[in-house]
Every structure is written in C-alpha cells, then in structure tokens.
Amino acid sequence: MSDPSAAEPISIEGRVTDFSPRLSPMLVKELRQGMRTKLFSIAFILLHTFMIFCLLAALSNPGSNDSDGFFWFVIVSVLLFVQPLRGFNALSSEYQLNTMDLIQLTKLNGWRITLGKWTALNAQGMLFLSGVLPYLVIRYFLGNVNFVLDLVALGLIGLGSIFSTAITIGCSVFQNIILRGAIVVGMGIAFTVLFVVVTETILDRGGLGSDQWTAIGLLFIGCAYGCFFFLSFGASRIAPLSENHATRKRLVALLSASLCLGFLLIGADSSPVIITIALILGTACIDALTEPLPVFSRVLIPFSKNPLTRFLAFFLSPGWISGLGFFLICSLSYFGSLYFAGWIDTHDFLNKNEDVIAQLCGCNLFIFPLLIIHIFFPKHTSAHFTFAIYSGIQAGIGGITIMIAAIASAIGRWEDLIYSLIPMPSVLLVAYGETDIERPHYVILTVTTTLLCILVPLLRHRDSVKEFFLHLKPSI
C-alpha cells in the first residue's frame with residue numbers, strides 16, 4: 001500500500017522552470033516579486049523602444065554625436081537611476097509590512113537578507129545590460145564606432161548600477177524619508193557627473209592608455225568595497241546588537257586601502273590612488289564612529305581569548321569606543337600612504353605648520369561631531385550615536401563654516417582672530433586656504449581639538465569604557 005503522504009515526483013518541466021533549491025530563499029523571493037512588478041516591465045519595454053529609435057536615428061544620420069548622446073542617455077537613465085531606485089524601500093518596506101521579524105525567525109541573518117535583495121536586483125539589471133548588447137553590435141556595423149571603447153563604457157555603467165543599487169539597499173534601512181531623499185539627490189548629482197564623463201569619453205573616441213586602465217582598476221576596487229560597505233551597513237542596522245559585523249567591515253576597509261596602495265608600486269599616478277584611499281578609510285571611519293554601543297558580554301567574549309585578540313578589540317570590536325581606536329589606525333594609514341606616495345617629507349612636514357594643520361584638520365572632520373553631541377546632547381542619545389544625527393551635525397557644521405568664512409572675508413583684517421576663536425576643523429581648513437596659517441597657536445588649537453574629540457566622549461561614558469575593559473579580561 002502506497003503512502004498517501006508521499007509527494008508526487010516533480011515533472012521535468014517543473015524542475016527546469018523553477019529555481020534551484022540551493023539558491024538563497026531571499027534571492028528567490030525577490031526575483032519572483034521583482035520580475036512581476038510594473039516598473040520592471042515598463043522600463044524593459046521602454047529601453048528596447050528607445051534603442052530602436054536610436055538605431056533609426058543612426059541610420060538616417062550616421063556618426064551623429066546627438067544620436068550617440070541620446071543612446072547613452074537612455075542606458076544611463078535606466079541602469080543608474082530607474083533600476084537602483086527599486087531598492088530604495090528594500091529594507092524599510094519589510095518593517096512597514098511587519099515582515100522583518102518573520103524573516104529573522106528563519107536562518108537568514110542580516111547579511112544574507114541584504115545580499116539576497118541586492119543580488120536579485122542586479123540579476124534583473126543584467127537583463128537590461130544584456131538587452132543592450134545586440135544594439136551595441138548593430139551600431140558597430142553601422143560604422144564610426146569604437147566597439148572596444150563602447151564595451152568598456154557599458155561595463156563601467158553596469159558597475160555603477162551595481163554600486164548605486166548597493167547604496168539604495170543599504171540606506172533603505174533608514175526610516176527617515178528626508179535622509180533617504182537626500183541620499184537620492186546626492187546620487188543623482190554624482191551619477192550625472194559620471195554620465196558627462198562617460199559621454200565625453202565615448203564621443204572623444206580616444207584610446208585607453210595605462211593611466212586609464214589604472215583609473216578603471218581603482219574604480220573597480222572602490223566600487224567593490226562600496227558594495228560591501230553599504231550592504232554590510234544595512235545588515236548591521238537590521239541585525240541585533242549581539243552580532244558582530246564591525247570586525248569584518250573594518251578589516252575589509254584596511255585590505256582595500258592596501259590594494260589601492262599597491263598601484264603605486266607599478267608607477268601609477270599618486271593622485272587618484274590617494275583620493276581612493278581617503279574615500280575608503282573615510283567611509284569606514286564614519287561607520288565605525290556611528291555604531292551604537294553593543295551588548296559587550298556577547299560580542300567581546302571572542303576577543304578575550306589571548307593578549308593579541310584583546311589588543312585587536314580596541315580597534316575591531318563593535319561600537320564607537322573601539323571606533324575611536326580604528327580612527328587612529330586609519331589616520332596613521334593615511335599619513336603612511338601620503339609618505340609612501342612622496343607627498344610629504346618627514347623633515348619638511350615637521351617644520352611647516354600649515355601641513356600639520358591641514359592634515360590634522362582633514363582627519364578631525366570625521367570625529368568633530370562626537371565632541372558636539374557629547375557636549376550638547378543628553379547622555380542616552382550620545383550613547384547611541386546614529387548615522388542620522390552624525391549627518392545632521394555635519395550639515396550644520398558646514399553651514400556654520402560658510403557663514404564664518406563670509407563674515408571673516410567681509411571684516412578683512414580681523415579674520416585671523418575670528419578663525420582662532422572658532423577652532424572647528426572645517427574653519428581651520430578655510431583659514432589654511434585663505435590666510436597665512438604659519439602661526440604656532442594654530443598648531444596648538446588643532447592638537448587640542450584632536451585630543452578633545454577623543455577624550456570628551458570617553459570621559460563622559462566612562463562607565464561604558466569600564467564595562468568594555470571588564471569584558472576583555474580573561475575568564476579564569
């Protein structure tokens with residue numbers, strides 16, 4: 001007698017059309033839902049419609065810059081704006097629909113949730129990208145087209161689509177619509193600049209030299225780290241505080257900066273290398289300094305095994321307390337990269353006050369909001385120093401700096417006194433660019449500001465610091 005509970009065998013057609021059981025459940029869920037949305041269908045149809053119009057325009061007027069510009073404008077609009085915006089509510093919608101708690105009851109952790117959503121959107125983006133390839137080949141046969149350069153440009157746009165999708169998914173964890181809207185505006189400005197650069201490259205029909213390939217390599221490293229950073233950022237914000245995402249994020253940042261520094265060994269231009277390193281270390285520092293204080297009894301136990309792990313806990317454990325130590329490591333790494341690139345010389349650097357002020361103020365820009373919030377905000381707020389508060393304070397500091405610079409410029413001869421009375425890092429940077437800053441009191445103000453930004457948060461939350469050291473003690 002056969003078992004009635006036995007499942008019927010799946011047909012060959014069902015096995016072919018269904019997803020593999022080895023795939024992540026979040027990936028399968030997002031793919032099934034995403035492919036059925038009206039936005040995906042409309043964008044896919046409009047893409048092919050405009051591509052056909054571009055080919056007709058190219059047939060009527062071969063080699064026209066206008067038809068080329070419209071061709072790339074459509075691709076950029078779909079891949080860098082329409083497709084990434086679909087991840088704008090990826091994580092916040094789960095909270096709005098009250099499904100996040102249900103998802104977290106499964107074996108999916110925060111990283112697998114964000115990775116599944118990102119992979120699903122990029123799989124749909126690859127459909128857009130592959131749909132453009134036939135039109136790219138047809139344009140080549142029409143003539144007056146550098147096919148290799150077009151492929152490189154299409155690859156860079158695809159890389160930008162992958163990166164921008166990671167940004168929207170990682171930042172979709174914010175409940176504040178204004179903050180997410182500001183991120184979209186920033187993305188729009190950044191990718192508009194990217195569109196202009198790509199368009200000029202395509203229309204210029206220039207070759208790809210060693211400098212261009214170095215820039216592409218740095219761009220690939222930066223985008224790879226950016227994707228990992230924003231996905232980890234979103235995962236750490238939806239995960240419980242007992243999970244440790246900080247160690248992996250900070251180690252990957254240091255590794256990415258080291259890979260960028262390796263380009264100097266092959267004789268690459270130092271300017272893009274230093275800029276990429278500064279962006280990587282800067283974003284890692286901001287994330288480390290805005291992490292809330294975790295449940296120390298859970299996340300610090302792995303660091304209490306031996307003296308080496310206890311020492312690494314001061315830089316790699318979760319929370320802004322170790323984030324201050326990680327900030328010092330990143331600052332030393334940045335100064336080391338400047339020295340390795342030949343931008344500074346030890347003797348000249350120590351003898352020139354303006355170089356000391358400029359570099360220290362550039363680093364202090366990242367930690368100065370800690371001083372503001374730990375002085376003017378309540379203690380329970382400063383214990384959980386969130387990214388939204390950090391962004392608001394940085395925006396306020398920027399507005400104050402603009403007003404102070406305008407007042408100092410209008411007064412004229414008293415500008416040195418004004419800059420000295422308001423020793424914010426951004427104000428001192430303005431003084432570095434506008435005045436003769438080789439004065440000893442500027443160096444004293446810069447060093448004092450650096451120490452205050454580190455000591456004031458630690459002293460105000462000395463109970464949390466004591467708890468931090470207590471859980472690092474080896475268990476007997």
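Student: Is D287 buried or exposed, and at what relative accessibility?

Tutor: This is a predicted model, in which local features need pLDDT of at least 70 and side-chain atom pairs pLDDT 80 or more, while totals for chains, interfaces and linings use all residues. Residues are numbered from 1 along each chain as its sequence is written, and side-chain values use heavy atoms, with hydrogens and water left out.

D287 counts as buried because its relative accessibility is 4%. Buried means under 20% relative accessible area, exposed means over 50%, and partly exposed lies in between, with a 1.4 Å probe and protein chains only.

D287 forms a salt bridge with R237, and their closest N and O atoms are 3.1 Å apart. This pair links distant parts of the chain, 50 residues apart: R237 is in helix α10 and D287 in helix α12 (residues 270–289). Helices are DSSP runs of H or I with at least four residues, numbered from the N terminus. A salt bridge is a side-chain nitrogen of Lys or Arg within 4 Å of a carboxyl oxygen of Asp or Glu. Side chains of opposite charge can pair when their charged atoms come close. R237 has 24% relative accessibility, so R237 counts as partly exposed.

The pair belongs to a network of salt bridges that links R237, K249, R250, D287 and E291.

The whole structure has five salt bridges. One of them joins D150 to R139, with the closest N and O atoms 3.3 Å apart. D150 is in helix α8 (residues 147–171) and R139 in helix α7, so this pair ties together parts that are 11 residues apart in sequence. D150 counts as buried because its relative accessibility is 0%, and R139, at 5%, is buried as well.

A nonpolar core is a set of buried Ala, Val, Leu, Ile, Met, Phe, Trp, Tyr and Cys residues joined through side-chain atoms within 4.5 Å. The largest such core has 76 residues, and I113, F174 and Y419 have the most contacts inside it. Helix α10 (residues 210–238) gives this core its largest share, 11 residues. A second, separate core has 22 residues, among them V74, V78, A153 and I157. Beyond four places in sequence, I113 is in contact (heavy atoms within 4.5 Å) with residues including M26, L91 and I238.

Helix α7 spans residues 110–142 and holds N122. N122 counts as buried because its relative accessibility is 10%. N122 touches S161, I162 and T165, leaving out residues up to four places away.

Conventions:
Helices (H or I, at least four residues) and strands (E, at least two) are DSSP runs, numbered from the N terminus.
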